[in-house]
Amino acid sequence: MGTNFGMDDDDVENPFKDQLTRKQFIRKVYLTLFMQLLLTSGIVAIFVCIDAVAFYVHENYYLKWIALGLEIVLILVLICCESIRRSTPTNYICLLLFTFCNGFLMGVMASLYAPDEVLASLGITGAVVLALTLFAMQMKIDFTPLYCIMLIITVIFILFSLVAMFFFQNRILRIVYAAIGVTIFSIWLIIDTQMIMGGRRLSIDTDEYIFAALQLYIDIVMIFQYILILFSDS
């Protein structure tokens, strides 16, 4: 999901004018993202393949609340504290801890589904992310001006999700909910990718590689989550 931290607009000198700086920034972002996804996939695999681990965590439910609390604190720190976000190695440590907590929660969720459903959803997510990334890179249409509109839509969707969690258990409603979720975060992925690539109305400063990786990571994880709900029979 995109944010307005570390952005530049047309009235500010664009850091991507230096092609070498741009390439180094993009390389650093996607390498960081790859390591995040690798760690998350490993944690999810442990939960899906080792029943004892999933059983222990479900029996000791307080572990999920600890992970959720840490995840919220860490993402607020990464979003709100620019000094921490740009300070090495503190930024990497915070990002690593956030990724571990999120991977833990994703593993708990994935353990509720059949292994083949998780694997199929993972494959679909990979294909969707690759297609959207290539689309965002090649597309001449600038999606970044949609940032504010998408932010409002996402907040409304999250509020609706909280209500739906307690009051709507119908299978069809879950499918509609998941399809909307996939659509929203697919658009975010396009926006965030274009902001990272630069040359658009909104772009991310080259010092914000941790934040850029975090944005893409959240987009991809949310797409996977909603695809898992969408295509599972559980």
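Which helix gives the most to the nonpolar patch? Helix 3, residues 62–80, does, with seven residues. Helices here are DSSP runs of H or I with at least four residues, strands are runs of E with at least two, and both are numbered from the N terminus. The model is predicted, so local features need pLDDT of at least 70 and side-chain atom pairs count only at pLDDT 80 or more, while totals for chains, interfaces and linings use all residues. Residues are numbered from 1 along each chain as its sequence is written, and side-chain values use heavy atoms, with hydrogens and water left out.

The patch consists of Y56, Y61, Y62, W65, I66, L68, L70, I72 and L76, which together have about 970 Å² of accessible area on the surface. A patch takes residues with over 30% relative accessible area and no salt bridge, joining like charges within 9 Å and nonpolar side chains (Val, Leu, Ile, Met, Phe, Trp, Tyr) within 5 Å. Areas come from the Shrake-Rupley method with a 1.4 Å probe, and for residues only the protein chains shown count as cover. I66, in helix 3, has a relative accessible area of 47% and is partly exposed; buried means under 20%, exposed over 50%, and partly exposed in between.

Charged side chains form another group. A salt bridge is a side-chain nitrogen of Lys or Arg within 4 Å of a carboxyl oxygen of Asp or Glu, and the count comes to four. E82, R85, R86, D207 and E208 are linked in a network of such bridges. E208 pairs with R85, their closest N and O atoms being 2.8 Å apart. Because E208 lies in the loop between strand 2 and helix 9 and R85 in helix 4 (residues 82–85), this pair ties together parts that are 123 residues apart in sequence. E208 is buried at 1% relative accessibility, and R85 is buried at 1%. E208 also meets R86, at 3.1 Å from N to O. R86 is in the loop between helix 4 and helix 5 (90–110), so that pair ties together parts 122 residues apart in sequence. R86 bridges to E82 at 3.8 Å, N to O. R86 is partly exposed at 34%, as is E82 at 42%.

Helix 1 (residues 19–49) and helix 9 (residues 209–231) have axes that come within 9 Å and cross at roughly 45 degrees.

R201 sits in the loop between helix 8 (171–197) and strand 2 (203–204). R201 and P145 are 56 residues apart in sequence and 6.8 Å apart in space, C-alpha to C-alpha.

Conventions
Buried < 20%, exposed > 50% of the residue type's maximum accessible area, 1.4 Å probe, protein only. Axes fitted to C-alpha atoms, helices over the stretch in contact; angles between N-to-C directions.
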